[in-house]
Amino acid sequence: MRAFELTAPTTLDEALTSGATALAGGTTLVDLMKLDVLTPPRVVDINALPLRGIEVDPAGDLRIGALERMSAVAAHPQVYPVISRALLLSASQQLRNMASIGGNLMQRTRCGYFRDVAMPCNRRDPGSGCPAIEGANRMHAVLGTSDACVATHASDLAVALVALDARIELVSAQGGRSVALADFYRLPGDTPEREHDLRPGELIGEIVVPRLDWAARSTYVKVRDRQSYEFALCSVAVALDVRDGRVADVRIAAGGVGTVPWRLTAVEAALRGGPADEAAFEAAAQVAADGARPLSHNGYKTALLPRTVVRALLEVSRG
């Protein structure tokens, strides 16, 4: 790790004008600094800032401060099951006690080429190439990829929040702005180094999940190589509204298969109005992997994704 200057402001204005890299839980930033993937000259510890709280506002929207810890949000009684489950299936208990919600949404890809500074990587060094396309790509994306990058997005929480149409409230010295989380993340295209829409001098202040009463019937299914502290080969977040045996409404997003959290709108459309049974779930899930571009070692994901969608729908429909 290279030398850096550390400050710990106590006011939001001071932090926003520091021009330094923000440190919250540090569970991603410190790892990448140790590897020399990130080498910020200045780091600002933002843990003293007033960016906390978990509450339901008068409109029924769930509001989560960006500095709340993953473990606290997962345990909160007013948090939808799909969010709690996504958090509980993320990392270890020790890391969940440290990692912040805002930091979780900002975490970087776990692609081995990105994390190895001896290797080229377009996300780390634009224009250097993407060795994963022809190399070790079993864990990589099949949706939203480009000729410049095939790395998967790492956050489980982001998948659940995208399914629920969550937005993030961004704060800066110039004022605030609200951005749909689904629009916050960028597809790699020709500029994979631009992973999100956070502008210089901005911080995530709050996550807002719109009221969705039937999201009480929701779940998150994560398929991985082992049960303890492993990233997803494929994951699916589902919220399901069943009335008189039919699907009145549904929200679905997938992780582990896309370069960003991947909303499965075509599957949702195929399900709405139809019977809430296994045959209908299997038929609708067949379009989940439409547009996929499998690589030499991750073609299995095109079959795993629809199966995981069906598993999640069955789990939540059966309570």
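1. Residues 24 or more positions apart account for 64% of the protein's contacts with a separation of 6 or more; a contact here is a pair with heavy atoms within 4.5 Å. Keep in mind that this is a predicted model, where local features need pLDDT of at least 70, side-chain atom pairs count only at pLDDT 80 or more, and totals for chains, interfaces and linings use all residues. Numbering runs from 1 along each chain as its sequence is written, and side-chain values use heavy atoms, with hydrogens and water left out.

2. Overall build: 12 helices and 12 strands, counted as DSSP runs (H or I, at least four residues, for helices; E, at least two, for strands) and numbered from the N terminus. Along the principal axes, the C-alpha atoms fill a box of roughly 60 × 50 × 35 Å.

3. Now the surface. Buried residues make up 52% of the 319 (buried is under 20% relative accessible area, exposed over 50%, partly exposed in between, with a 1.4 Å probe and protein chains only). The accessible surface comes to about 13,800 Å², and carbon and sulfur atoms hold 50% of that.

4. On to the cores. In soluble globular proteins, nonpolar side chains tend to be buried together. The largest nonpolar core here has 43 residues, with Ile-83 and Ile-207 touching the most other members.

5. Setting aside residues up to four places away in sequence, its partners include Leu-62, Ile-64, Ile-101, Leu-105, Leu-161 and Ile-168. Arg-63 and Arg-167 are also among the residues that Ile-207 touches.

6. Leu-240 sits in strand E10 (residues 234-243) and counts as buried because its relative accessibility is 1%. Beyond its neighbours within four places in sequence, Leu-240 is in contact with residues including Trp-214, Val-250, Phe-281, Leu-313 and Val-316. Its C-alpha atom is separated by 18 Å from that of Asp-61, 179 residues apart along the chain.

7. Arg-138 is in the loop between helix H7 (112-115) and H8. At 37% relative accessibility, Arg-138 counts as partly exposed. Arg-138 and Asn-298 are 160 residues apart in sequence, yet 4.5 Å apart in space, C-alpha to C-alpha. Asn-298 is also one of the contacts of Arg-138 outside four places in sequence, as are Asp-225, His-297 and Tyr-300.

8. Two backbone angles for your list. Asp-36, in the loop between helix H2 (29-34) and strand E3 (42-45), has a positive phi near 65° without being a glycine. Ala-91, in the loop between helix H4 (81-88) and helix H5 (93-98), is another non-glycine with a positive phi, about 60°. Asp-36 counts as partly exposed at 28% relative accessibility, and Ala-91 counts as partly exposed at 23%.

Terms used. Areas by Shrake-Rupley, 256 points an atom, 1.4 Å probe, with all protein chains shown as cover. Core = buried A, V, L, I, M, F, W, Y, C linked by side-chain atoms within 4.5 Å.
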